[in-house]
Structure formats: C-alpha cells, structure tokens
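Hi,

Here is the structure I promised to send you. Have a look at it first, and then read on for what I found.

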Amino acid sequence: MGKVHATTERTYQADPARVYGALADYAVTRPKLLPAQYSEYEVRAGGEGAGTQVHWKLQATEKRVRDCLFTVSAPSPEKLVETDANSSMVITWTVSAVGEKGSRVTVEASWTGATGIGGFFERTFAPKGLNRIHDQVLANLAAELG
C-alpha cells in the first residue's frame, strides 16, 4: 500500500491572518465554503481551530462516499491539520504570506491507498478528483473573502 497525495493551492489578495481565521472557523465560515460533494456537515466539538471535531460525508466519486470524522490540530500558527478517525486521511491547510498583503493557501491531502490494480487507479485518478473538490472550496473561500 502506497501513500496517495493531492495538493491544491490558490493565492488571495487578503491578509494571511484573515484567511487563516476563515479556514479555522468550522462553525460559520467552513460550511459556506463546501461544494455539493459534501453532505451531513456537523461540528461535534469546538468549532474554532485546534480541538474542533467535525463530521461530513464526501461524495468522492459517483459510487464512493467517505464518512469522515476529522479532529483538527494546529501544529503551527499557519497550519490546520485535519486527521480522519475513520481512515488514514490527513488534510493539511497551510496559509503563507505572499507579498505585503496577499496570502496563499495550500491544501495537501494524503492517505494510504489500496494495493494492486485498484491502488494503481486510486493513485492515478483520486488526486485529480480531490483536487477539483478542493479547488472549489478555495474558489468559494475567494468569494467569501470578497
């Protein structure tokens, strides 16, 4: 079994602290950012940054739905790490400064993939699908930031 990785990023004309605050707000802002592939979104503990526990279902493909229960940590002031209790998936959101007033968000997802031919297809196609979903989240963040 090999690791599967998907990375998406976007640059914003907004202060990094404001961008991080929007991403860390799982109670109000995050639900607004989620595209149609997400359902049953529910904050189960916390709601702001580290210590938050959040549940959702992710329609990864037409036939594949992941039931996710993420616990959020913040190992540094610019990172949010979501660790799924139901799988090996880890999603890391990193906000970095770009110039004087801009920021870049990088979303990195990784998980342990399947073996054999199924694993080959997963490593080949799953990152592209997840990148499309995360790109929609980042586009929605741009709209939210105004």
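What percentage of the 146 residues of the protein chain count as buried? The answer is 42%. Please keep in mind that this is a predicted model, so every value here is computed from it.

Let's begin with the overall fold. The protein chain has three helices and seven strands, and along the sequence they come in the order β-α-α-β-β-β-β-β-β-α. Its radius of gyration is 15 Å, close to the 15 Å that the globule rule gives for 146 residues, so the chain is as compact as a globular protein of that length. If you draw a box along the principal axes, the C-alpha atoms fill roughly 45 × 30 × 30 Å.

Now for the surface and the charges. The accessible surface of the protein chain is about 7,500 Å², and carbon and sulfur atoms account for 53% of that. There are 16 positive and 16 negative side chains, with the centres of the two sets 6 Å apart.

Finally, zoom in on helix 1, which covers residues 16-24. Its buried residues are V19, Y20, A22, L23 and A24.

Enjoy exploring it!

Conventions: Residues are numbered from 1 along each chain as its sequence is written. This is a predicted model: local features need pLDDT of at least 70, side-chain atom pairs count only at pLDDT 80 or more; totals for chains, interfaces and linings use all residues. Side-chain values use heavy atoms; hydrogens and water are left out. Helices (H or I, at least four residues) and strands (E, at least two) are DSSP runs, numbered from the N terminus. The radius of gyration is taken over C-alpha atoms; the globule rule is 2.2 Å times the number of residues to the power 0.38. Buried means under 20% relative accessible area, exposed over 50%, partly exposed in between (1.4 Å probe, protein chains only). Accessible areas come from the Shrake-Rupley method with a 1.4 Å probe; for residues, only the protein chains shown count as cover. Lys and Arg count as positive and Asp and Glu as negative; His and the chain ends are not counted. The place of a charge is taken as NZ of Lys, CZ of Arg, CG of Asp or CD of Glu.
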